[in-house]
Amino acid sequence: MPDEVHASSSWEHNLDPNNASSSGSNNFPQNLSHTPPTIDPTLPTNPLSSLPRSSSESTGRTSSSKWRESLGQSPLERRDTITTITSNPETPHVVEPNFDENVLRMLCDLDCSVPLLLDRIKQSTASCRETSVFFKKKAMLEDEYGRNLQKLARSTSELYAMSEGKAGSFVGAWQSSMKIHDVVGENRIRFAQKLNEMSDELSNLVKEVEKTRKHTKDLATRYERVLQESESTVDKIKARFDLTAEELERLLIQKEGESYKDTGVRSPGGVSGKRAIGKAVAKGGLLLKGRNPGNLQRQEDDIRLRMSNASDAYRKAVTETQAIRQEYFNFQLPRILRALKECADEVDLGTQYHLSRYAFLSESVLLNDGSTLTPTNLEEGPGLKVVIESIDNRGDFKVFMQNYAYAHGGQMRGPRREGPSDEGFLPPLPSHLERVQATHHGPNGVDKGRPTFGVDLGEQMTRDDVDVPPIVVKCVEAIEKHGIEAMGIYRISGTIVKVNKLKEKLDKDLDSVDLDAEEWSGDINNVASVLKLWLRELPDPLMTHELHNGFLEAARNENDRLRHIRLHERVNDLPDPNYATLKYLMGHLSKIAQYEEVNNMSTSNLAIVFGPTLFGQQRGIQIDAARVISNPHPAHWLHADGYLTGQAVETILKHYTDIFVDESEMT
């Protein structure tokens, strides 16, 4: 209420003739000022000081009440008027400081500023609406894809649990891959939810902006209509004033005894004298009715009275129109333009913000899919590639063969193997191992090929009477000679065909293979892959199944010193063949790490590569479908110790000297 009273007093102040000509330029901020139309130069600067005001003017309505009655209750009520802005410097400007005043100033100088902004808002809302529709349709596609992928993964997992498919490492890898697909589907469903939210927000924004645009457009139209009607009223009053002045002039000519025809007086509008006199007679009374001085004097007094009233009415109309024009151009129009410009900015910025958000979310969902398929951190669990590579068909078959023989050995009988010779039985055939050993011995019983892949480490070293398996020594020497500076040594795999060929040659006749030949030294990654393959195919991993959990418990220590001590104890618990081989291998890897700047293989990278290789898969792990489905993350049931094995190998490698090298050896 105080604001309304204050605004009314300021409005009445603007109607004061002494302030009417200066309020537009002195009281409004210069950056929003608009030069108001001037009053007719034929009138005095202060019209009320030359002629008395009529009684009808004092009782008439003010321009403020006329404006408000014509517009009704305006939603853009003025909080500050021209006077208050000048008198109170702390009052906020019509345009906020963060608004682009230069743009508003240019819009105020344009005659088409209002339709310009209305059309711009229409374009912006159309773009915003199209963006909202795109988000909605994209959300439908993403949601459908995610739900179908989850449905497929879950149904496949449940059906496999009830099928007659393979067990062992395959079922774990299969269920893990289905779980990964389920996670990918969940990521897409969340992405679809975000898109739906963005689409709804843009749709609501369009509705609000269109509502504000229509409301502001109607308000601007009403303001313009009031100003046009006021200007039309001024023109009508001025026409009546001119006609009364012309009538008075003719009467004064007749009173002086001059002929109107002889003087050659013509009306301003080009109307002939005779026609003008006729109009004067019709409008002004008995101008030509007799030449009695008394009648002429009464006619003159009557015309002068009407002249005074017409002058007062004209002056009042001009003052009111001037105030309305100043109010419109200096205050209402900038507020309307500001409201429209803010609407345009709101929809433009809102559309751009949600498009930027869409770009970020699209990138995030793709990165999430990538990190789900190929995690960068071991703690996040295995990726799809690692899960598939974890399938051990050879080990699965051995376990299946043992279980099958145990379950059905007493039930299913084949032909008799042994019996008396008189019944036709032949002497027992040599066992498979004896036949294999016989094929690799010469006439003098010398071991030529010495099969080494898949043979127990202790058996190999006892058979060959060595401290370190010959194949390890042969491969390590070749790698240190030709590949110690090779980029990504041990991390980059060799060619499958070449690796299998080299494996076959080494298994057939180790001594005859020359790893310095161009065939093998040209791509040393094949030799490195064969060495890793030999370690993986050991029946009992180098770190042994028996000490597997002990190594993991030691690796869990967060204190570096304590972890070093516990791992040192576990290394000392290894069997002699395993300890000697590990010592030799760690010494080799320590040399590889010394060339980190060249080959980019730090102790951490080497640990990641050799962790699963040295520890293998723990014996006795049985993974069923129910356990997989109940646990939300594959890392809890498949290769849950992947990070710990890498941590153990990295710690052992860093402290190689403390763990393996004696003081006597150092001297």
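Contact is taken here to mean heavy atoms within 4.5 Å. Among contacts in the chain between residues at least 6 apart in sequence, 80% join residues at least 24 apart. The structure is a predicted model, in which local features need pLDDT of at least 70 and side-chain atom pairs count only at pLDDT 80 or more, whereas totals for chains, interfaces and linings use all residues. Residues are numbered from 1 along each chain as its sequence is written, and side-chain values use heavy atoms, with hydrogens and water left out.

The chain contains 30 helices and zero strands, where helices (H or I, at least four residues) and strands (E, at least two) are DSSP runs numbered from the N terminus. Of its 667 residues, 41% are buried; buried denotes under 20% relative accessible area, exposed over 50%, and partly exposed the range in between (1.4 Å probe, protein chains only).

A nonpolar core is defined as a set of buried Ala, Val, Leu, Ile, Met, Phe, Trp, Tyr and Cys residues joined through side-chain atoms within 4.5 Å. The largest such core has 61 residues, of which Tyr490, Met586 and Leu614 touch the most other members. Helix α21 (residues 525-536) gives the most to this core, with seven residues. When neighbours within four places in sequence are left aside, Met586 is in contact with Leu614, Ile652, Leu653, Tyr656 and Phe660. A second, separate core comprises 34 residues, including Leu117, Phe135, Ala139 and Leu227.

Val499, Leu502, Lys503 and Leu506 of α19 are buried. The buried residues fall within an arc of 105° seen down the axis of α19, so they line one face of the helix; the arc is that of the directions from the helix axis to the C-beta atoms. The face of α19 turned away from the buried side carries the exposed residues Val497, Glu504 and Lys508. In α22 (residues 548-555), the buried residues are His548, Phe551, Leu552, Ala554 and Ala555. These cover an arc of only 160° around the axis, which puts them on the same side of α22. The buried residues of α22 pack against α23 (560-572), α26 (603-615) and α28 (642-654).

With a salt bridge defined as a side-chain nitrogen of Lys or Arg within 4 Å of a carboxyl oxygen of Asp or Glu, the count comes to 31 salt bridges. One of these joins Asp200 and Lys136, with the closest N and O atoms 3.1 Å apart. The pair links distant parts of the chain, since Asp200 lies in α10 (residues 169-255) and Lys136 in α9 (residues 113-162), 64 residues apart. Asp200 is partly exposed at 39% relative accessibility, and Lys136 is likewise partly exposed at 30%. Glu142 forms a salt bridge with Lys138, the closest N and O atoms being 3.9 Å apart; the two residues are four apart in α9 and are therefore separated by about one helical turn. Glu142 is buried, with a relative accessible area of 9%. Lys138, Glu142, Arg188 and Asp369 are linked in a network of salt bridges.
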